[in-house]
Structure formats: C-alpha cells, structure tokens
Amino acid sequence: MSKDDHISDAARLPGGPAPISPQELPEDVASPEELPPTGPAVVTAAVKAIGGDPEVEGMVDAVGKTRVDVLTCHNAPVPGWTTWSTVTLHTQPNELPMASGESLEIRAELMAVGLPDSDVMGKVLGSCAFAVLQDHWMMAPGVVFGDVVSLYDPQTTTPHIVWCHPFTATELGAVDIEDDLTVHWLVAMPITEAERQWLEAHDYDAFANLLDEHEVTYSDLRRKSVV
C-alpha cells in the first residue's frame, strides 16, 4: 500500500450502515442484517479472489456495542482450510504517516488463514478488527498487533501478528470499489517475539525478504523463530 497505488484524496463514505437486498450479494452468500452501501462490492471482490464456500456473519464485542461483518470462506485457500476476511473495516478512517510528515488515508480490510479444525485465526481476526474499531489501531504492511495470537493459543511460539500484503489472494492488494474508493487487503502473519524485535530494528521489506529466505510456513503457530 503506497501513495503510488492509491488515490490522493481520502474516500469518505456515508455514515451508518444501511439495509441491503440479498440479491446484491454474490450467489450462495447468506445476507447479514446490514452492510454499508459499499459492502456488497467488497464482499464480491473478496469472494472472487479467495474462493471456497463463502458466508457472511456479523461479530459483536463482549458488551455488544461494536459490530464488524466477517466473510468466512471455507475450503480456502485449499480444501479443509479456512480464510476469514473483514468486509466493513474499509468504512473506518485509516491514516498512515508519511516520511514527509503528512498522512495518507488508506482504506483497508484484514484477512487471516487458519488450519483445518482450528478457529484460532478467526478469533484473532475478530480481536484485531475490534482493536481497529474501538482503539483506532493503524492498518498497514509491517504494523504489528501484539499478543493477539497468544490470547487464543497460550502454547503458541508466534504471539504477535504482522500485517502483510495479501500473498494468499494477490488480487486483493488494491481493489477499486467505487470511483473514489480503493480498498487494500492485508493478511495476518503470526511472528515470534524475536522476529518482532528484528522487524522493529529493520523495516518491513527486509523482514518480508527474511521470511521468504527461510520459507516460513505462515500457518504454523508453533514454529521456530527465524532469528
């Protein structure tokens, strides 16, 4: 996500979600109670890129005040696995600081992939989405959400999440939803504490190259650290 691949002006969406017709959603996707006006187009783009057997459900926080809609694609990216993607975070402001001292508004959705018979990463994605909605955590490549995996897997060796370009569904790198709205997806990469410190001392591109060099299995929540 860079200034070169995004519009210069922030996309401002209408306030508040509005009811939609089930006919606006892709075939075989169950209609949630409500989505923002741009929701159906975001769901359609995600389903097309991710594949699998899709359904959309609303998630609420523990006190029932904050809602996020999540697309679950069963049997994606391969049979038996599951991919989860938020589909309403793009309505939230997401200002990224630039080297010039200015900020750039980038609208984003978050995505995570889980192993067969495990919903840990789905729960992780939900917690990350609520952190964005309630605490305004920034969404960008190289941004770390600390200790979110260990909330749901105390035995994990990769307690943190770093957000990466969507290598499991590359078409979602930048999707034009409307004339004034481009949405960028980010995929969760679980990392160790030593890797988090290495990333902090270097930069995202160097870290991505490091993971590639070691052929890191991104789905292994109990792998050895590469540093």
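Trainee: Where does Ser127 lie, and why is Ser127 called buried?
Mentor: In this predicted model, Ser127 lies in helix α2, residues 120-135. Its relative accessibility is 19%, and the cut-off for buried is under 20%, so Ser127 counts as buried.

Trainee: What is Ser127 in contact with, leaving aside its neighbours within four places in sequence?
Mentor: With Leu151 and Tyr152. A contact requires heavy atoms within 4.5 Å.

Trainee: Thr86 next. Where is Thr86 found, and what makes Thr86 count as buried?
Mentor: Thr86 is found in strand β3. Its relative accessibility is 0%, which is set against a limit of under 20%, so Thr86 counts as buried. Beyond four places in sequence, the residues that Thr86 touches include Val68, Val70, Leu125, Ala129 and Trp185.

Trainee: What makes the pair of Thr86 and Glu109 a polar contact?
Mentor: The distance between the two side chains is 2.5 Å. The rule asks for N or O atoms within 3.5 Å, one able to donate a hydrogen and the other to accept it, so this pair qualifies as a polar contact. Glu109 is also among the residues that Thr86 touches.

Trainee: How do you know whether Asn94 is buried or exposed?
Mentor: Asn94 has a relative accessibility of 2%; buried means under 20%, so Asn94 is buried. Its place is in the loop between β3 (82-86) and β4 (95-97).

Trainee: Which backbone atom lies 2.9 Å from a polar atom of the Asn94 side chain?
Mentor: The backbone oxygen of Ile106. The limit for a polar contact is 3.5 Å, and 2.9 Å falls within that limit. Asn94 also touches Leu104, Glu105 and Ala108, among others. Asn94 and Glu105 are 11 residues apart in sequence, with C-alpha atoms 5.6 Å apart in space.

Trainee: What makes β8 a mostly covered strand?
Mentor: The count: 5 of its 5 residues are buried. His160, Val162 and Cys164 point one way, while Ile161 and Trp163 point the other way. In a regular strand the side chains alternate between the two faces of the sheet.

Trainee: How do you know which strands pair with β8?
Mentor: Pairing requires at least two bridges. Strand β7 (residues 144-145) and β8 have 2 bridges, and β8 and β10 have 5. Both pairings are antiparallel. Val144 has Val162 in β8 as its bridge partner, and His160 has Ile191 in β10.

Trainee: Which residues of helix α4 are buried, and why are they said to line one face?
Mentor: Tyr204, Phe207, Leu210 and Leu211 are buried in α4, residues 204-213. Seen down the helix axis, the buried residues fall within an arc of 120 degrees, so they line one face of the helix. An α-helix has 3.6 residues a turn, so residues three or four places apart point the same way. On the other side of α4, Asp205, Asp212 and Glu213 are exposed. The cover over the buried residues includes β8 (160-164), β10 (181-191) and α3 (193-201).

Trainee: What is found at the start of α4, and what follows the helix?
Mentor: At the start, a side-chain oxygen of Asp203 reaches to within 3.3 Å of the backbone nitrogen of Asp205. After the helix comes Glu215, with a positive phi near 50 degrees.

Trainee: How many aromatic pairs are there, and why is the pair of Phe167 and Tyr218 given its class?
Mentor: The count is 4 aromatic pairs. The ring centres of Phe167 and Tyr218 are 5.1 Å apart and the planes are at 70 degrees; planes over 60 degrees apart count as edge-to-face, so the pair is edge-to-face. Phe167 is in the loop between β8 and β9 (175-178) and Tyr218 in the segment after α4, 51 residues apart.

Notes
Residues are numbered from 1 along each chain as its sequence is written. This is a predicted model: local features need pLDDT of at least 70, side-chain atom pairs count only at pLDDT 80 or more; totals for chains, interfaces and linings use all residues. Side-chain values use heavy atoms; hydrogens and water are left out. Buried means under 20% relative accessible area, exposed over 50%, partly exposed in between (1.4 Å probe, protein chains only). Helices (H or I, at least four residues) and strands (E, at least two) are DSSP runs, numbered from the N terminus. The arc is that of the directions from the helix axis to the C-beta atoms. Rings of Phe, Tyr and Trp (its six-membered ring) pair if their centres lie within 6.5 Å; planes under 30 degrees apart count as stacked, over 60 as edge-to-face and the rest as tilted.
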